[in-house]
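Hi there,

Here is the structure I promised to pass on. Have a look at it first, and my notes follow below.

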Amino acid sequence: MQQKITKRHNGVQPPFSLLAELTHRCPLHCPYCSNPLNLTSKALELTTEEWCRVLSEAADLGVVEVHFSGGEPLLRDDLEVLIRHAHELEMYPNLITSGIGLSAEKISRLKEAGLANVQVSFQAGEATLSNRIGGYKAFEKKREAAMSVKKAGLHLSLNVVLHRMNLDHLDEIIQLAEELGAERLELANTQYYNWALLNRERLLPSMEQIERAREIYEAAKARLGNRMEIIWVIPDYYASSPKPCMGGWGAIALTAAPDGSVLPCPTAGMMKELSFENVRESSLKHIWYESKSFNHFRGDAWMPEPCQSCKFRHEDGGGCRCQAYALTGDAHAADPVCQLAPDHHLIKMAIREADEGNTVKSSALIYRGHHARKTIAPSK
């Protein structure tokens, strides 16, 4: 599918991708979840008619791929309708799911509706640890879902969020992906926003863990060749330089939250200093090109020093705005991941604590949830 490229307002290109977060409801309680701490209730979710309008506006805007996510998108009764609508609009539909509720019958109907790719999340390579991390006995259900995807002839991707609790079991995770016949395995080390930031003391791995896991990843990638694509995303804290926010703030993608708020990235709603427009009041086209929130961090006029004078400012875009806000309380600050940032000491301190491992022994794990945040004591 080719995107229709047009330019509007200071050279801003249309978005390529839409993340449609249909709901925040989910059977899992993953402590690294990127959903906001204040989860949207079912009563406030966009209706089927509203989501169809969002998809139509996205297609008109130039979007060519839509990722149906959540929470757990399978909890929406209208998922099949929405996938069919996206397919009829000639967008590429991808389902991002825990796999719970994805029966052979369900996947058959979704395929008929036009679903092209399924990305199933796993928390580990075996049941005991996977169920502990997700706060729910889901491992076998996930396996069954993945096998149903393969049997239906759809492209299967596995996504495993890595952290201190599962990083030392990376070989088991890769073996699981091979057994299930996945075409793609995304090993995405945790990025520390929202629930993951609450649990950072329990989740942030040590440098030694990262290096061991990287060696396992590189060996597997070389061994598997073209048989399975493996993606390795290191945690920002261990990166040599900051990354541009979602490929650039308001540059290539946008997120529609369950309540209709439209965001430049999935976690941008955490920034209390910005106000994000809603598709219930504004068109997607207006939000992308005209809204204050999407234009706020475009270009480099907003950048503080040392970003403003840095020769890499057009490559990293000043780094991640959500990360800057999460760690400093100021979305305009230099991303602390950058070694030149005034607040880089915050990253160094977190890494030092992770290497020492002292906080892990005393910190309880906070599980994601709509109501009371369940905690589990640290392992002895």
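**What I found in the sheet, helices and cysteines**

Strand β2 (residues 65-69) runs parallel to strand β3 (residues 92-97), and four bridges join the two. Please keep in mind that this is a predicted model.

Stepping back to the whole sheet, you will find nine strands in the order β7-β6-β5-β4-β3-β2-β1-β8-β9. The sheet is open, and its pairing is mixed. The edges are taken by β7 (229-233) and β9 (262-263); each has a single partner strand, so one side of each is left without a neighbour in the sheet.

Next, a pair of helices. Helix α6 (residues 170-180) packs with helix α9 (residues 207-224) at an angle of about 25 degrees, and their axes are 10 Å apart. That angle makes α6 roughly parallel to α9, because angles under 35 degrees count as such. The crossing of α6 past α9 is right-handed. On the α6 side the meeting residues are Leu-170, Asp-171, Ile-174 and Glu-178. They meet Ala-213, Ile-216, Tyr-217, Ala-220, Arg-223 and Leu-224 in α9.

How many disulfides does a search of the whole structure find? The search finds zero. Cys-322 is in no disulfide, and the nearest cysteine sulfur, that of Cys-265, is 3.4 Å away. A disulfide would need the two sulfur atoms within 2.5 Å. Is Cys-322 buried or exposed? With a relative accessibility of 1%, Cys-322 counts as buried. Cys-320 is buried too, at a relative accessible area of 4%, and the cut-off for buried is under 20%.

Happy to go through any of this with you.

Best wishes

Technical notes: Residues are numbered from 1 along each chain as its sequence is written. This is a predicted model: local features need pLDDT of at least 70, side-chain atom pairs count only at pLDDT 80 or more; totals for chains, interfaces and linings use all residues. Side-chain values use heavy atoms; hydrogens and water are left out. Two strands pair if DSSP finds at least two bridges between them. Buried means under 20% relative accessible area, exposed over 50%, partly exposed in between (1.4 Å probe, protein chains only). Axes are lines fitted to C-alpha atoms, for helices over the stretch in contact, and angles run from 0 to 180 degrees between N-to-C directions. Angles under 35 degrees count as roughly parallel, over 145 as roughly antiparallel, 65 to 115 as roughly perpendicular and the rest as oblique. A crossing is left-handed if the near helix is turned anticlockwise from the far one by less than a right angle, and right-handed if clockwise. Contact means heavy atoms within 4.5 Å.
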